[in-house]
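You asked for a short note on this chain before the group discussion. My comments are set out below as numbered points.

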Amino acid sequence: MDNNEEKKTAKKQSKARSKESVSSFAKMLVTLRNERNISQKKASADLGISQALLSHYEKGIRECGLDFVIRCSEYYGVTTDYLLGVSNSRTGIDLSLDEGNDDGVTISTIAKGTNMLLDVIGASKNKNAIQFCLDYYTLCLYRGSLTMAKAGVLPKEMFKLDLNLGRELASAAIAIEDAKFVFVEDKSRTGSDSMSDTPIQSLIELAEEKILSNFYIE
């Protein structure tokens with residue numbers, strides 16, 4: 001293959017990668033906007049462009065500049081790599097890192113354990129279990145987010161409720177969800193579904209250690 005053919009091949013590959021990146025970005029724009037239940041009109045206004053232009057970006061008709069990618073990254077609270085389909089991590093945290101450390105589990109373990117639990121629940125086809133899990137996770141994440149906002153990690157403007165009031169109401173709502181535990185029919189079991197040495201097993205062991213250390217008095 002001569003130099004001209006090599007250059008043509010490299011140019012085609014570059015165009016293909018660019019097209020794939022635009023397609024991933026377009027799909028991600030739509031996904032993130034829908035996740036937040038934001039209209040195209042509001043998103044375009046917040047991002048400082050016309051609705052028609054945002055529509056073109058979301059359909060992959062036009063390619064935007066780097067400044068707009070960065071703006072979207074800040075607007076939706078994700079990394080530019082995630083927006084462009086380069087990384088599967090919204091925050092930039094490497095979830096492939098080893099979970100083990102001397103202090104307990106890492107964010108990686110929590111992420112993997114959460115995904116595993118949700119996968120198991122989803123596969124069960126139990127609508128009540130799925131809804132309970134969604135409600136409980138939402139409330140717990142909200143509580144955690146409130147603490148992060150008060151600590152200055154998240155912007156206070158994300159919340160409509162006063163942080164202290166939000167905490168009290170979230171705690172009450174979680175307590176109500178917890179009360180449902182006694183009404184769940186006991187189908188606890190043992191079996192051959194081995195989950196030893198998995199992230200969710202690590203989370204269970206850590207949680208039980210915390211429970212015993214906090215409440216068990218010798």
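Predicted model: local features only at pLDDT ≥ 70, side-chain atom pairs only at ≥ 80, totals over all residues.

1. Local features are discussed here where pLDDT is at least 70, and side-chain atom pairs count only at pLDDT 80 or more.

2. Overall make-up. The chain has nine helices and zero strands, so the order of elements from the N terminus is simply α-α-α-α-α-α-α-α-α. Of its 218 residues, 22% count as buried. The accessible surface is about 16200 Å², and carbon and sulfur atoms make up 55% of that area. Among contacts with a separation of 6 or more, 50% are between residues 24 or more positions apart.

3. The α2 and α4 pair. Helix α2 covers residues 40-47 and helix α4 covers residues 66-76. Their axes come within 10 Å and cross at roughly 115°, and the crossing is right-handed. On the α2 side the residues involved are Lys-42, Ala-43, Asp-46 and Leu-47. They meet Phe-68, Arg-71, Cys-72, Tyr-75 and Tyr-76 of α4. By class, this contact holds six nonpolar and three charged residues, with no polar ones.

4. Arg-33. This residue belongs to helix α1, residues 3-35. Is Arg-33 buried or exposed? Its relative accessibility is 10%, which is under the 20% cut-off, and therefore Arg-33 counts as buried. The side chain of Arg-33 makes a polar contact of 2.7 Å with the side chain of Glu-58. Setting aside neighbours within four places in sequence, Arg-33 is in contact with Ile-38, Ser-39, Gln-40, Ala-43, Glu-58 and Tyr-76. Two of these names come up in point 3: Ala-43 in α2 and Tyr-76 in α4.

5. Helix α3 and its end. Helix α3 spans residues 51-59. Which of its residues are buried? They are Leu-53, Leu-54, Ser-55, Tyr-57 and Glu-58; Glu-58 is the partner of Arg-33 in the polar contact above. Lys-59, also in α3, counts as exposed because its relative accessibility of 61% is over 50%. Just after α3, Gly-60 takes a positive phi of about 75°.

6. Leu-83. Helix α5, residues 80-83, contains Leu-83. With a relative accessible area of 0%, Leu-83 is buried. Which residues does Leu-83 touch, not counting those up to four places away in sequence? They are Ser-24, Phe-25, Met-28, Leu-29, Leu-32, Val-69, Cys-72, Ser-73 and Val-78. Cys-72 is also one of the α4 residues that meet α2. Leu-83 and Ile-70 are 13 residues apart in sequence, and their C-alpha atoms are 9.3 Å apart in space.

7. Asp-162. The loop between α7 (127-150) and α8 holds Asp-162. Its relative accessible area is 43%, so Asp-162 is partly exposed, a value between the 20% and 50% cut-offs. Asp-162 and Leu-146 are 16 residues apart in sequence and 9.5 Å apart in space, C-alpha to C-alpha.

8. Glu-177. This residue is in helix α8, residues 163-179. At 8% relative accessibility, Glu-177 counts as buried, because the value is under 20%. Leaving aside neighbours within four places in sequence, Glu-177 is in contact with Phe-132, Asp-135, Tyr-136 and Leu-139. As background, an α-helix has 3.6 residues a turn, so residues three or four places apart point the same way.

Methods:
Residues numbered from 1 in each chain as written. Heavy atoms only, no water. Helix = DSSP H or I, 4+ residues; strand = E, 2+ residues; numbered from the N terminus. Buried < 20%, exposed > 50% of the residue type's maximum accessible area, 1.4 Å probe, protein only. Contact = heavy atoms within 4.5 Å. Areas by Shrake-Rupley, 256 points an atom, 1.4 Å probe, with all protein chains shown as cover. Axes fitted to C-alpha atoms, helices over the stretch in contact; angles between N-to-C directions. Left-handed = near helix turned anticlockwise from the far one by under 90°. Nonpolar A, V, L, I, M, F, W, Y, C, P; charged D, E, K, R; others polar. Polar contact = N/O pair within 3.5 Å; in protein donor to acceptor, adjacent residues only side chain to side chain.
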